Amino acid sequence: MTRSAAAPRPPDDARWRDLLSRAGRTGRRIVGHDWAGSPLGPVEDWPASLRTALVICLYSPEPAAIWWGPELVLLPNDGYLALPDPVGAQEPGQPGAAVWPDAVPTLTGLLTTGQVTCRQEREVGSGAERHRLVFSSAPIVDATGRPGGVFTTVAEAIGHTGGATDADDPTGSPRSDTTSAGTATSTGVPAARRRGRRDPGQQQAPHPAAGERRQALRQAEGLARLAGSLSAAGTRTAVTDVVITVTPALVGATEVRVAVATAGALDLTVTDGNGPGRLAVADDAPLARAVREEATVALPDGLCLPLRDGTGTVLGALEVRWDGPVADEEARRILLDAVAGLCSQALRRAELTASARAMAEFAARLSVTRSTGEAIEVILDAAPMALGAALPGLAMRDEGRRVRLWHAELPSGLVATFDDLTIDDPRPIARALRTGERIILRNRAEFAARHPGLPDPAGEYGMVTTVVLPLLDASRRPIAALGFGWPRERPLPDDDLALLDTIADLCEQTLERVRLAAAEHNLVTRLAGRLRTSATVGPPGLDVATRYQPAMSGLHLGGDWYDLVDLDDGRLAVVVGDVVGHQVEAAADMAQLRTVVNTLIRSGVPLAEVFPRLTGLLGVGFLGTCLAMVVDPVAGEAQVARVGHPHPVLLPSGRPPETVWTGHSLPLGLVRDPVPVTTVTFGPGDLLVAYTDGLVERRDQAYDAGVTALHEVIVPVRDQPVEVIADTLLAKLSGSDDDQALVVIRHVG
C-alpha cells in the first residue's frame, strides 16, 4: 500500500504573502528572503500555526517577535528591530543562539514545558529616566498539540511614574540610549530604555497611537490566553466551548458560534451559548454555506469564516456577530483570521486525538478475538467508527469462484446487489479481493470514469467517497476486502491514508492470527481427543460424566486431561491433570504423562508412590499438576492424592459442598518423595467433582472466588443427572482463557 503525494499548498497562500508584504519593512524582507536553506525551510511549507502567529506579530504596533522551532529562529517585527541591538542589521532567520545566547535557556524552557504565559514587569533606568516595561511571552501551539514556538511582546506599563511614555514616539517604535547587546530578560527580550529627556513640568497630550498600541497589546495577550486554553482542550467539545467563551471579549462580538464538520458527514455540530445542536451541510444558514462553499460568508453584522487544517481541508466554520453593522476593516479581519487559525489547529489536534483513541480501542478489541467470526464482527463495527465511515462490508472467498459478503446492517436492497458476486466481478470490492489493490473513489464521477456502464449501488444509497481496502495474509496474498464510504466527499489527505494503512494492517494481523489459532486448535483438539479415554461408564454403583473444553485463546491448549481406569473389586481410578506448556508441545507432554500414570495405576502402584515413580521414569523435563483418586463404591470411600492440583469438591448427600483438603506436595515433575493420601467417606447419594484450574481461575478475580462460584453453581443442580451437572458447570463458569477438564462422579448405591 502506498501513501499519497505531498499535501497541496493551502489555498490562501497568495493572500498570506500579500498580508506579509503590507506589514512593513520586516514583512517585505520575509517574503523576499530565500528560506530554503534555513531551519524553517521554504515559506510555502511553513505550518498554519507559524503563519497565523507571524501575521499577528508583524501587524502589532508594539515590539514583538516570534522564536520558532528547536533552533528558536528569530522572526521580529519592525518595532522589535527598532530596539537598540545589532540584530536589526542581521539577515532574517538567525537562530536564538546567534542573536541572544543568554535568552536561549529561558526560551527553550517555555517552549518545552508549554507554560500558558509568562509575564513580568521590570524597571530600567533611574530618576527621570526610570521606566517600567512589561514583557509577555507565550508558547505557540501547532497542529499536533505541541508548542512550536514562542511569541514575545514588550510594552511600557500603563500608569508608571517618571520617564517617557509611548506617546513620545508617534512611530510606535521604542527608543533607547543605553543597552547591553545580548542581554535578555526572562522572556528573551533585551532590556530597552527610551532615549532623550523632557522637562518634568511639560504637559503633553496622549497621542492616539498609544491607545491603538495598548489595544493591540491587549489583543495579543488575549490571543495568547486563547491559545493556552485551546492547548488544554482535548476534545472537539472542549475546543468549541473555549472558543465561544473566550472569543467574544477578544473581538468585541455579541455572539460567536462554531460549526464542526466530521469528514464525509451530512450534518454539522453547532455550538453556541445555548449548547450543541445539529445543522445540515445543505442548509442555507451561513455556517453551512461557509463549510459547503469553503469560503468566507459576509453578514450584515458579522462574518462567517471556514476553519481549515494545514492541507486546506475544511474542519468547520466560525461565525462572529456584532451589535449592528460593521465595516470590513483589515485589522478586524486579521484578528479574526488569527482566532480562526487557532481554532482550526485545536480542532485538528482534537480530531487526531480522537482518531488515536478510536484506533487504540479498535486494536484492543481485535486483540481479544478468538475466531474469524468474532474478528469480522469487530472489524465491521469498530473500523468504520475510527474513520467516521458508513455502510461497511467485508468480502471473502467462498466455495469455487463465489465471494461471500459479510456486513453489519446494510440496506437489504444494497445487500441484494452482491448476491451473485464472484471473484472475477469488475466491481471494486471483488477487484480488491482479486488483485490486492487499494481502491479509492473520491466521488461518483471517478466511479463512472473507472467503471463505465457499471451499476453504482453505493452511489445509489447515498455514498459519495468510497474506499476498498484489501486485506492480505502473511504471504501478501489477498484474503479479504473491506469496503465503506462517506455520504459527503472526503479529501483523504496523507493522515487519512496512513490511518487506512493502519486499519488494514490490524485487520490482516488479526485474521491471520485467528486463522492460525483455529488451525492449531483443530489439530490439538483432534490429537487430545484421541488420547483421552473413551470409557465414560464406571463400575456398578457409580455414575460418571466427563468433559473437556478447549480454550480458543490457545494459552494452554492441549495440556489438560482426564483419565478413567477400571480396577479390580469394582473400584475406579480417576486422574485429572494439567501440563504447563503451549499448544502441540503441551499435548505431547500430556500424552506421555497420561500413558505413564495410567500404566502405574494399572500395575497396582499405591497412590502415594505414583508421582515419585513418574518423576523417576520421566525426569524433570516437564511441569504441571495432577490429581489421582481411587473411588471404592463398595467400601464407601475415596482415596485422594494431589500434587499442586486444585482440591476436589465433595457434596455429601443432603449437606453443603466441601473442599477435600490433602497434604501439601510439590508440583508434578518435581515430586521425589511419597505424597500424602487423604481418605474421605463416599456413600450413596454423595457427589465428587474433580477439575482443572481453568474451570475456576479468571484474570479478573481471586482464585478462591472462583472456587466459591463453583460451589454456588453446583448446589441447585446437585440432584440432577451427572451429565446435566457437568454441562451446567461448564456453561455457568465460562469465560476462561485456559482449557478445562472435568469429572463428575455420583455414588448411586
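## Salt bridges

A salt bridge is a side-chain nitrogen of Lys or Arg within 4 Å of a carboxyl oxygen of Asp or Glu. In this predicted model, a network of such bridges links Arg257, Asp272, Asp301, Glu319 and Arg321. The structure holds 27 salt bridges.

One of the bridges joins the side chains of Arg348 and Asp495, with an N to O distance of 2.6 Å. Arg348 belongs to helix H10 (residues 330-367) and Asp495 to helix H16 (residues 494-531), so that this pair links distant parts of the chain, 147 residues apart. Arg348 counts as buried, at 9% relative accessibility. Asp495 counts as partly exposed, at 41%.

## The chain as a whole

The protein chain contains 20 helices and 26 strands. Of its 749 residues, 52% are buried. Among contacts with a separation of 6 or more, 62% are between residues 24 or more positions apart. The chain exposes about 32,500 Å², and carbon and sulfur atoms supply 53% of that area.

## A hairpin of strands S1 and S2

Strand S1 (residues 64-68) and strand S2 (residues 73-76) form a hairpin with 4 residues between them. Gly69, in the turn, has a positive phi of about 80°. The two strands pair in the antiparallel sense over 4 bridges. Ala65 has Pro76 in S2 as its bridge partner.

In a regular strand the side chains alternate between the two faces of the sheet. In S2, Val73 and Leu75 point one way, while Leu74 and Pro76 point the other way. These four residues are all buried.

## A histidine between two helices

His451 lies in the loop between helix H14 (444-450) and helix H15 (457-460). Is His451 buried or exposed? His451 has a relative accessible area of 11%, which is under the 20% limit, and therefore counts as buried. Leaving aside neighbours within four places in sequence, His451 is in contact with Pro426 and Pro428.

## The five-stranded sheet

An open sheet of 5 strands has the order S18-S19-S20-S21-S24, with antiparallel pairing. Strand S18 (560-566) and strand S24 (677-681) are at the edges; each has a single partner strand, so one side of each has no neighbour in the sheet. On average, neighbouring strands of this sheet are turned by 15° against each other, direction ignored. Strands of a sheet pair through backbone hydrogen bonds, either parallel or antiparallel.

Strand S21 (residues 637-643) pairs with S24 in the antiparallel sense over 5 bridges. Here Ala638 stands opposite Val680 in S24. Helix H18 (residues 607-618) lies across strand S20 (624-632), S21 and S24, and runs at about 25° to S21.

## Two further salt bridges

The side chains of Arg594 and Asp563 meet in a salt bridge, 3.4 Å from N to O. Which elements does this pair tie together? Arg594 lies in helix H17 and Asp563 in strand S18, so the bridge ties together parts that are 31 residues apart in sequence. Arg594 counts as buried at 15% relative accessibility, and Asp563 is buried with a relative accessible area of 2%.

Another salt bridge joins the side chains of Arg655 and Glu658, with 3.6 Å from N to O. Arg655 is partly exposed, with a relative accessible area of 46%. Glu658 also counts as partly exposed, at 32% relative accessibility.

Which residues make the nonpolar surface patch of about 430 Å²? The patch is made by Val580, Val620, Leu623, Leu666 and Leu670. Val580 lies in the loop between strand S19 (572-579) and helix H17 (583-602). With a relative accessible area of 52%, which is over the 50% limit, Val580 counts as exposed.

Terms used. Residues numbered from 1 in each chain as written. Predicted model: local features only at pLDDT ≥ 70, side-chain atom pairs only at ≥ 80, totals over all residues. Heavy atoms only, no water. Patch = residues over 30% accessible without salt bridge, like charges linked within 9 Å, V, L, I, M, F, W, Y side chains within 5 Å. Areas by Shrake-Rupley, 256 points an atom, 1.4 Å probe, with all protein chains shown as cover. Buried < 20%, exposed > 50% of the residue type's maximum accessible area, 1.4 Å probe, protein only. Pairing = 2+ DSSP bridges. Axes fitted to C-alpha atoms, helices over the stretch in contact; angles between N-to-C directions. Contact = heavy atoms within 4.5 Å.
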